[in-house]
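Please load the model in a viewer and keep the selection panel at hand.

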Amino acid sequence: MSASAVEIQARTLAGYADASRLRQVHDRDWVLDRLPPRPELLVDLGSGIGQLLEAALLRHPSLRLAVGLERSEHRLAEAAERLRPHGDRVALHQADLTDPAPLPYRADAVTMTSVLHWLYPDEARVFGWVRDHLAPGGGFLLTTYHPARDADGLAGEDEIVRDALVRLGADRAAVPGVFAAAGVLPIGARTRTVDELAALLGEFLTTESFLERQAEVTVADAAQYEHFHAATFGDYYSRLVGPERRGDFFRAVGEAAWQRQQERGWVSRMPVRLWKLVPSGA
Ligand SMILES: C[S@@+](CC[C@H](N)C(=O)[O-])C[C@H]1O[C@@H](n2cnc3c(N)ncnc32)[C@H](O)[C@@H]1O
């Protein structure tokens, strides 16, 4: 059986420019508003399709170099296309942020938005990297998500996925076991609490200030959420079902989200924190 359009979208993480308007775009604007006044060198970690770098280049003629580190080659290719008009003001590197190699940059600002939960449990390495790559006076702008965990340790997107699996016939109580059997670590386990994160960050960096907001996702229909899920989470969760049921899985995620929207007036809601950090002792 050939893969459906949404399965291909998930594999290539396509459609993110559109999907990210539902949640991640707010983090980008939040962070961009807090860059130093005339930055010369900016590094964005988990730079995706290059939207933050593009906005920073347009906003700050002072930027000599905007650097993106990203693991997905599909996303890097889309970023290269988007950033082509900025020529040699841009450098993109394929990198795994759970074990980032040193690079010859000292940045006025390092940014990382909507990425950290993917680096669990190895976040310390990227925090050490950031400390070592900030220029004197430079700062790290980081956004982190903190969805509430339920008794099963599920949180945020895990809960929508659980509803989808129940729609496909799973026993609700058995869902945490389905995650474990497929080796899918729930987002509830990947997202540390603010206190845990503060302790971990504190080994490398000092929190200068922070802001918090509620990220609320609402959709117009089931299909919109189906595509948001595929573009944001790719095939991370679809591994919970066999290859022959993946098309049904994405459809059930959209339907589960739409049901939540109708019952609550939103699909998901969670606190997001923007941290501004500087190297300890700076
Ligand atoms: C939700 S997207 C956020 C993209 C962008 N920062 C934004 O705010 O729109 C998460 C990004 O982190 C990247 N990513 C996840 N794990 C990574 C890793 N270990 N190393 C590098 N990039 C990673 C993904 O490929 C994806 O582009």
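Which residue ranges does the domain assignment of the protein chain give for domain 1 and domain 2? Domain 1 consists of 1-14 + 148-190 + 219-265, and domain 2 of 34-146 + 191-216 + 269-282. Colour the two selections separately, bearing in mind that the model is predicted. The domain centres, taken over C-alpha atoms, are separated by 27 Å.

**The interface between the domains**

Next, display the boundary. Here 14 residues of domain 1 are in contact with 13 residues of domain 2. The two domains bury about 1,100 Å² between them, and 51% of this area is on carbon and sulfur atoms. Select Leu13, Arg149 and Arg190: these residues supply 46% of the area that domain 1 buries against domain 2, more than any other three residues.

**The annotated segment**

Now select residues 43-139, which UniProt lists in an unreviewed entry as "domain: Methyltransferase type". The chain over this range is 32% helix and 27% strand, and its end C-alpha atoms are 11 Å apart.

Within this selection, centre on His60, located in the loop between helix H4 (51-59) and strand S2 (65-70). Is His60 buried or exposed? With a relative accessibility of 11%, His60 counts as buried. Beyond its neighbours within four places in sequence, His60 is in contact with Leu35, Pro36, Pro37, Pro39 and Arg89.

**Aromatic pairs**

Show the aromatic rings next. With ring centres required to lie within 6.5 Å, the model has seven aromatic pairs. One of them joins Trp118 and Tyr236 edge-to-face, at 5.0 Å centre to centre and with 75° between the planes. Trp118 belongs to the loop between strand S4 (107-112) and helix H6 (123-133), whereas Tyr236 belongs to the loop between helix H11 (222-233) and helix H12 (246-264); the pair therefore ties together parts that are 118 residues apart in sequence. Trp118 is partly exposed, at 25% relative accessible area, while Tyr236 is buried, at 12%.

A further edge-to-face pair is formed by Phe249 and Phe250, with 5.6 Å between the centres and 75° between the planes. Both Phe249 and Phe250 are buried.

Then extend the selection from Trp118 and Tyr236: ring pairs link these two with Phe179, Phe233 and Tyr237 into a cluster.

**A charge over two rings**

Finally, select Arg273 together with Phe210 and Trp275. Arg273 lies over the face of Phe210, 3.6 Å from the ring centre. The charged end of Arg273 also sits over the ring of Trp275, at 4.8 Å from its centre.

Technical notes: Residues numbered from 1 in each chain as written. Predicted model: local features only at pLDDT ≥ 70, side-chain atom pairs only at ≥ 80, totals over all residues. Heavy atoms only, no water. Phe/Tyr/Trp six-rings, centres within 6.5 Å; stacked < 30°, edge-to-face > 60°. Helix = DSSP H or I, 4+ residues; strand = E, 2+ residues; numbered from the N terminus. Buried < 20%, exposed > 50% of the residue type's maximum accessible area, 1.4 Å probe, protein only. Lys NZ or Arg CZ within 6 Å of the ring centre and 35° of its normal. UniProt positions renumbered as here; feature names shortened; annotations may be inferred. Contact = heavy atoms within 4.5 Å. Domains from an automatic or database assignment. Buried area = accessible area lost by both parts, 1.4 Å probe.
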